[in-house]
Amino acid sequence: MPIPQLDSAYLLPTKLSQELYSQIFDLPVIDYFTNLSIEDLVLNQAFEDVDKLWIQPDPIKCRTITSLTKSGEGNFVQWSKALSSLILHPVYAWTQLELFKWWGIKDYLHEGNALEIYQAISDKLQTGKYTPSFFLNQSKVKEINILVDLVDELPSMESLAKLDVKLRP
């Protein structure tokens, strides 16, 4: 079976699926699960590190890395190693879609190209434009249901009111 082309029709094999998707593409998003912390949202600082942005805050990626690579390291290269065991799993497709959507990377991530892709993303992060607000606005997120740890210090209501999205604990 050929590897699907990474483009806007990825995982949409029929004309009907593509038509239905085009009808809902511009709808606002209610994010029921986000890996962004309230602190990240309020500070809205540019991400400078691929691992801190994409790997470490994601419990699925971290658990997968730990179980498949026997490494406690939550980093991009370890994720690329683990990913090769997940080809038929939805997280594999999701990873490829994220790489394409956010970074324009059409190559499938694997251990052999991990450092090259990591560097390409790192170079883009150095522009300073990749903030939590950037990702939320590009994804048309209007509301976030966020997980709050009981020991987390919550920011002031004033700082939360400045956000472009509605937060729900």
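Predicted model: local features only at pLDDT ≥ 70, side-chain atom pairs only at ≥ 80, totals over all residues.

The N-terminal end of α4 is capped by D58. A side-chain oxygen of D58 lies 2.9 Å from the backbone nitrogen of I60. The side chain of D58 also takes part in a polar contact of 3.0 Å with the side chain of K61.

K61 itself is found in α4. Is K61 buried or exposed? K61 counts as buried because its relative accessibility is 3%, and the cut-off for buried is under 20%. Leaving aside neighbours within four places in sequence, K61 is in contact with W54, I55, W79, T95 and E98.

The next topic is the pockets. The largest pocket holds about 1600 Å³ of space. Its lining is made up of 42 residues, and W94, E98, K101, W102 and S139 lie nearest its centre. One of these, E98, is also a contact of K61. Which elements each supply at least two residues of this lining? They are α1 (15–24), β1 (29–31), α3, α4, α6 and α8. Helix α6 gives the most, with 9 residues. By class, the lining of the largest pocket has 27 nonpolar, 6 polar and 9 charged residues.

Rolling a probe the size of a water molecule over the atoms shows where empty space is left. A search of the whole structure finds 1 cavity of 30 Å³ or more. About 70 Å³ of space lies in the largest cavity. Its lining consists of L41, N44, P132, S133, L136, N137, L163, D164 and V165. Helix α8 (residues 132–138) provides the largest share of that lining, 4 residues. The lining of the largest cavity divides into 5 nonpolar, 3 polar and 1 charged residues. Helix α8 also supplies at least two residues of the lining of the largest pocket.

Technical notes
Residues numbered from 1 in each chain as written. Heavy atoms only, no water. Polar contact = N/O pair within 3.5 Å; in protein donor to acceptor, adjacent residues only side chain to side chain. 1 Å grid on protein atoms, 1.4 Å probe; cavity = no way out; pocket = protein on both sides within 12 Å on 5 of 7 lines; lining within 4 Å. Points joined across faces, edges and corners; volume = space filled by probe spheres on them. Nonpolar A, V, L, I, M, F, W, Y, C, P; charged D, E, K, R; others polar. Buried < 20%, exposed > 50% of the residue type's maximum accessible area, 1.4 Å probe, protein only. Contact = heavy atoms within 4.5 Å.
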